[in-house]
Amino acid sequence: GCSGLWRRLLRLWSAMDDFAAAHSGWKQRLGRERQALKTHLQAYYPPRAGQEMLAAKVAPAPTAVEAAQMALDKLYKSSSQPGLLAQIAGGQLAEEAPQGARRVEQQARRVA
């Protein structure tokens with residue numbers, strides 16, 4: 001009973017050691033490649049070009065305002081009648097909404 005548990009724990013521990021060793025080796029390899037690229041860029045390119053080439057290649061994240069606008073655009077593109085819009089508009093749209101949307105709003109009010 002107990003020896004089986006220890007065997008499983010030992011196998012798990014050695015697997016984590018293998019992962020840690022592989023990760024360390026990977027980081028070393030990336031570091032060597034990056035250093036070789038830096039040396040090459042310093043030798044053959046002006047400083048500013050080298051910095052641009054070494055910079056992270058990711059798109060800039062949207063700002064909070066842009067993200068909110070994208071969420072609203074997604075709502076307006078949908079073909080359904082979201083009850084949230086009626087609540088945001090202060091109930092002005094509630095009279096125009098179909099019966100199904102009114103029921104959903106009423107149920108949401110009961111829950112809240």
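User: Helices here are DSSP runs of H or I, at least four residues, numbered from the N terminus. So where is the place of Trp-6?

Analyst: Trp-6 sits in helix α1. Bear in mind that this is a predicted model.

User: Is Trp-6 buried or exposed?

Analyst: Exposed. Trp-6 has a relative accessible area of 56%, and the cut-off for exposed is over 50%.

User: Switching to charges. How many salt bridges does the structure hold?

Analyst: One. Glu-33 pairs with Arg-29, and their closest N and O atoms are 3.2 Å apart.

User: How are Glu-33 and Arg-29 placed in helix α1?

Analyst: They are four residues apart in helix α1, which spans residues 2-44, so about one helical turn separates them.

User: What about His-40? Where is it found?

Analyst: His-40 is in helix α1 too. Its relative accessible area is 37%, so His-40 counts as partly exposed.

User: How far is the C-alpha atom of His-40 from that of Gly-50?

Analyst: The two C-alpha atoms are 9.0 Å apart. Along the chain, His-40 and Gly-50 are separated by 10 residues.

User: Zoom out. What does the secondary structure come to?

Analyst: Five helices and zero strands. From the N terminus on, the order reads α-α-α-α-α.

User: How many residues are in the protein chain, and what percentage count as buried?

Analyst: The chain has 112 residues, and 11% of them count as buried. The cut-off for buried is under 20% relative accessible area.

User: Now confidence. What pLDDT does the protein chain average?

Analyst: The average is 75. A score of at least 70 is reached by 65% of the residues.

User: Where is confidence lowest, and where is it highest?

Analyst: Helix α5, residues 99-111, is lowest, with a mean of 58. Helix α3, residues 64-77, is highest, at 86.

Note on methods: Residues numbered from 1 in each chain as written. Predicted model: local features only at pLDDT ≥ 70, side-chain atom pairs only at ≥ 80, totals over all residues. Heavy atoms only, no water. Salt bridge = Lys/Arg side-chain N within 4 Å of Asp/Glu carboxyl O. Helix = DSSP H or I, 4+ residues; strand = E, 2+ residues; numbered from the N terminus. Buried < 20%, exposed > 50% of the residue type's maximum accessible area, 1.4 Å probe, protein only. pLDDT = per-residue confidence, 0-100.
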